[in-house]
Amino acid sequence: MPATDHGARHVAIIMDGNGRWAKKRLLPRVAGHKAGVEAVRTIVRAAGDLGIEAMTLYAFSSENWKRPEEEVSDLMGLMKRFILSDLDEFAANDVKLKVIGNWRALAPDVVALIENALERTAGNKRTTLAVALNYGAQDELVRAAKAAAEAGEISEAAIEAHLDTADMPPLDLLIRTSGEVRLSNFLLWQSAYAELYFTDILWPDFKPADLKAALDHFARRDRRYGGL
């Protein structure tokens with residue numbers, strides 16, 4: 001699918017602010033994560049309509065294991081329910097699911113669910129949804145460098161060929177919600193020349209109109225890639 005007028009083929013989002021969203025409403029953190037899952041559904045549907053070829057969402061970082069055990073368990077449970085409940089919709093809407101990160105180290109039942117979802121959506125072409133699970137960009141770079149060395153060459157091209165996103169379009173736009181202004185070990189290599197967009201909106205409140213605003217902002221950027 002060609003890029004639309006905004007020109008962004010691949011958009012990534014650091015979905016931040018679920019906990020603060022819940023705290024503002026005097027709700028438990030899991031309520032924020034549940035609201036965040038609903039936001040994911042809405043934004044993934046909008047991505048295809050907006051002509052985005054690929055979207056990468058930071059769902060669970062390798063550092064998130066440091067969170068309280070109950071919260072980690074809640075997050076894993078939500079992720080399993082999301083895959084189970086939305087797989088039919090992915091298939092119906094030509095969405096290809098991809099998972100990046102060290103996801104095979106997750107619990108066996110989670111791995112089995114992911115493998116089934118990947119297999120079922122492998123032939124879909126409209127939009128690729130990449131979900132970063134147990135992901136850290138520094139770990140990704142170490143894995144890519146090792147793979148490149150084993151193949152006989154360490155170069156920019158060789159490392160890039162072994163990144164988790166190697167089969168996706170180059171990253172155009174990275175969005176972070178909730179007002180935080182950092183990359184948090186997410187897509188460090190891919191972000192080298194990506195445009196960055198930060199918004200104070202908490203992730204559960206992020207709507208398709210907000211995604212469209214980010215894309216409009218991206219369309220006005222002058223991307224010089226280090227040139228004049």
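Author: One term before we start. Buried means under 20% relative accessible area, and exposed means over 50%. Keep in mind that this is a predicted model.

Reader: Where is Glu195 found?
Author: In strand β6.

Reader: And what does Glu195 touch?
Author: Leaving out residues up to four places away in sequence, Glu195 touches Asp172, Leu173, Leu174, Phe218, Arg221 and Arg223.

Reader: Tell me about Asp16, then. Where is its place?
Author: Asp16 sits in the loop between β1 (10-14) and α1.

Reader: Buried or exposed?
Author: Asp16 counts as buried, because its relative accessibility is 17%.

Reader: What does Asp16 touch?
Author: Its contacts include Arg176, Thr177 and Ser178. Glu180, Leu202 and Trp203 are also touched by Asp16. Residues up to four places away in sequence are not counted here.

Reader: How many residues line the largest pocket, and which lie nearest its centre?
Author: The lining has 36 residues. Met15, Asn18, Tyr58, Ala59 and Phe60 lie nearest the centre.

Reader: Which element gives the largest share of that lining?
Author: Helix α3 does, with six residues. Elements that give two or more residues include α1 (18-24), α2 (29-49) and β2.

Reader: What is the lining like by class?
Author: For the largest pocket, 21 residues are nonpolar, eight are polar and seven are charged.

Reader: What about the second largest pocket? What is its volume?
Author: About 420 Å³. It is lined by 19 residues, and the closest to its centre are Glu160, Pro170, Leu171, Trp189 and Gln190.

Reader: Which helix gives the most to that lining?
Author: Helix α6 (residues 156-161), with three residues. By class, the lining of the second largest pocket has twelve nonpolar, three polar and four charged residues.

Reader: New topic: rings. How many aromatic pairs are there?
Author: The count is six. In one of them, Tyr58 and Phe186 are stacked, with 4.2 Å centre to centre and 15° between the planes.

Reader: Which parts of the chain does that pair link?
Author: Distant ones. Tyr58 is in strand β2 (residues 54-61), while Phe186 is in the loop between β5 (173-176) and β6 (195-198). The two residues are 128 residues apart.

Reader: Are Tyr58 and Phe186 buried or exposed?
Author: Tyr58 counts as buried because its relative accessibility is 9%. Phe186 is at 0%, so it counts as buried too.

Reader: What kind of pair do Trp203 and Phe206 form?
Author: A stacked aromatic pair. The rings are 5.5 Å apart, centre to centre, with 20° between the planes. Both Trp203 and Phe206 are buried.

Reader: Last one. Which residues do ring pairs link into a cluster?
Author: Tyr58, Tyr135 and Phe186.

Definitions and conventions: Residues numbered from 1 in each chain as written. Predicted model: local features only at pLDDT ≥ 70, side-chain atom pairs only at ≥ 80, totals over all residues. Heavy atoms only, no water. Phe/Tyr/Trp six-rings, centres within 6.5 Å; stacked < 30°, edge-to-face > 60°. Helix = DSSP H or I, 4+ residues; strand = E, 2+ residues; numbered from the N terminus. Buried < 20%, exposed > 50% of the residue type's maximum accessible area, 1.4 Å probe, protein only. 1 Å grid on protein atoms, 1.4 Å probe; cavity = no way out; pocket = protein on both sides within 12 Å on 5 of 7 lines; lining within 4 Å. Nonpolar A, V, L, I, M, F, W, Y, C, P; charged D, E, K, R; others polar. Points joined across faces, edges and corners; volume = space filled by probe spheres on them. Contact = heavy atoms within 4.5 Å.
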